[in-house]
Amino acid sequence: MDWPAATNLGGYSKYVNSVVITAAGAALGEITITYNGSNLGYGSTDPTLILAPYINGTDTAGAPYQDTLANAITDGAGGSIDWGCNAGSNTGSNACGVSPSGLGSLLAKHAPSECR
């Protein structure tokens with residue numbers, strides 16, 4: 001089950017329709033922000049921004065490790081959490097090797113620089 005439950009939109013405002021955190025599976029911990037397209041000039045399309053947690057640290061043998069949160073938990077790896085993000089492009093996240101499972105649709109001009 002995702003947080004918040006399907007009946008709850010989580011945080012929302014004039015510009016944000018919902019914030020949902022994936023609670024299971026390969027996309028564990030991913031945050032999907034769905035924006036209000038009408039208030040951002042997208043018309044009836046509600047764009048999204050996807051943030052994905054990655055563990056950047058060491059595996060159980062002490063070797064360097066970088067992978068998704070779900071895989072890190074399975075592998076018993078530990079380290080710091082880095083975040084990858086996807087708006088309408090994922091060039092920045094791909095360059096760092098931390099790309100979310102899906103591609104968002106938020107235009108680059110509205111996205112954080114790392115997500116463009």
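1. Among contacts in the protein chain between residues at least 6 apart in sequence, 37% join residues at least 24 apart. Contact here means heavy atoms within 4.5 Å.

2. Ground rules. This is a predicted model, where local features need pLDDT of at least 70, side-chain atom pairs count only at pLDDT 80 or more, and totals for chains, interfaces and linings use all residues. Residues are numbered from 1 along each chain as its sequence is written, and side-chain values use heavy atoms, with hydrogens and water left out.

3. Architecture. The protein chain has 3 helices and 5 strands. Their pattern along the sequence is β-β-α-β-β-α-β-α. Helices (H or I, at least four residues) and strands (E, at least two) are DSSP runs, numbered from the N terminus.

4. Burial and surface. Of the 116 residues in the protein chain, 36% are buried. Buried means under 20% relative accessible area, exposed over 50%, and partly exposed in between (1.4 Å probe, protein chains only). The chain exposes about 6200 Å², and carbon and sulfur atoms supply 56% of that area. Accessible areas come from the Shrake-Rupley method with a 1.4 Å probe; for residues, only the protein chains shown count as cover.

5. Asparagine 17. This residue sits in strand S1 (residues 16-21). Asparagine 17 counts as partly exposed because its relative accessible area is 23%. Its C-alpha atom is separated by 5.5 Å from that of threonine 34, 17 residues apart along the chain.

6. Polar contacts of asparagine 17. Its side chain makes one with the side chain of aspartate 46, at 3.2 Å. Another joins it to the side chain of asparagine 36, at 3.4 Å. A polar contact is a pair of N or O atoms within 3.5 Å; within protein, one must be able to donate a hydrogen and the other to accept it, and residues adjacent in sequence count only if both atoms are side-chain atoms.

7. Asparagine 36. Look for it in the loop between strand S2 (31-35) and helix H1 (37-40). Asparagine 36 is classed as buried because its relative accessible area is 17%. Leaving aside neighbours within four places in sequence, asparagine 36 is in contact with Lys14, Tyr15, Val16, Asn17 and Asp46.

8. Threonine 68. Strand S4 (residues 64-68) holds this residue. With a relative accessible area of 17%, threonine 68 is therefore buried. Beyond its neighbours within four places in sequence, threonine 68 is in contact with Ala26, Pro53 and Tyr54.
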